[in-house]
Every structure is written in structure tokens, then in C-alpha cells.
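Trainee: I would like to learn how to read a structural model residue by residue. Could we work through one together?

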Amino acid sequence: PGSVPALPALSAVGILLRRLSGCLAVLEMRLRDVRAESVQFRIAGGPVVPLLASAVVLWLLTSARAADFLAVGGVLLVSTGLYVLRRQMLRAL
């Protein structure tokens, strides 16, 4: 972290973590029987597709360094703090 060449790795880790959360959300929606206008949420291939996609994402994440995960966590921590601060400032107005 701290150099321009590290930025693509940090971006890739962040994107892969978002993709993993999306895959897991699809599984959760199936479990909760989420419906829109009385139609059950369904995808082709059932739970196999998000499970395979999750496995691929996890496999890709194995090539990331611990420093990349720490940097992404730091960015999330700082951005969450700024979000909370902004909300408090807007409430005070």
C-alpha cells in the first residue's frame, strides 16, 4: 500500500469481496423465499451457480496478500467513520 502499483491489487480485492457478497446474497434470497409481485426469486441452475461463483471468487482471493486485505479493511473503516460523521452532521442541521 502507498504506491500506485498497489492500487490495482486493492481494487481487485475490493471488487472480489463485493462479488462474493452478491453471490451469498443470492443464496440468502433463495433461502428466505424473497418474492417480487408474488413471483419467487429464481435463477437458472439453482444454488449451483452462486456456489460455483463463490468458490471461484474465494480461489481468486487466495492470491491476494494479507496487506491487501488490511488496506481494504482500513479503507472500509475510514469510509464508514466518514459516513457516520456526515449523518450526524446532517442531523444537527
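**Reading burial, bridges and core**

Mentor: Let us start with one side chain: Arg32 counts as exposed because its relative accessibility is 62%, where exposed means over 50% relative accessible area, buried under 20% and partly exposed in between, with a 1.4 Å probe and protein chains only. This is a predicted model, in which local features need pLDDT of at least 70 and side-chain atom pairs count only at pLDDT 80 or more, whereas totals for chains, interfaces and linings use all residues. Residues are numbered from 1 along each chain as its sequence is written, and side-chain values use heavy atoms, with hydrogens and water left out.

Trainee: With which residue does Arg32 form a salt bridge?

Mentor: A salt bridge is a side-chain nitrogen of Lys or Arg within 4 Å of a carboxyl oxygen of Asp or Glu. Arg32 pairs in this way with Glu28, the closest N and O atoms being 2.5 Å apart, and Glu28 is partly exposed at 34% relative accessibility.

Trainee: How many salt bridges does this rule give?

Mentor: The count comes to 2 salt bridges. Arg65 also forms one, with Asp68, where the closest N and O atoms are 2.9 Å apart; Arg65 is partly exposed at 45% relative accessibility, while Asp68 is buried, with a relative accessible area of 4%.

Trainee: Where does Asp68 lie, and which residues does Asp68 touch?

Mentor: Helices are DSSP runs (H or I, at least four residues), numbered from the N terminus, and Asp68 lies in helix α3, which covers residues 66-92. Taking contact as heavy atoms within 4.5 Å, Asp68 touches Ala9, Leu10 and Val13, not counting residues up to four places away in sequence. In α3, Asp68, Ala71 and Val72 are buried, and the buried residues of this helix pack against α1 (6-31).

Trainee: Which residues make up the largest nonpolar core?

Mentor: A nonpolar core is a set of buried Ala, Val, Leu, Ile, Met, Phe, Trp, Tyr and Cys residues joined through side-chain atoms within 4.5 Å. The largest one here has 9 residues, namely Leu10, Val13, Leu16, Leu20, Val57, Leu61, Ala64, Ala71 and Val72. Helices α1, α2 (48-61) and α3 each supply at least two residues of this core, and the largest share, 4 residues, comes from α1. Ala64, one of the core residues, touches Val13 and Phe69, not counting residues up to four places away in sequence.
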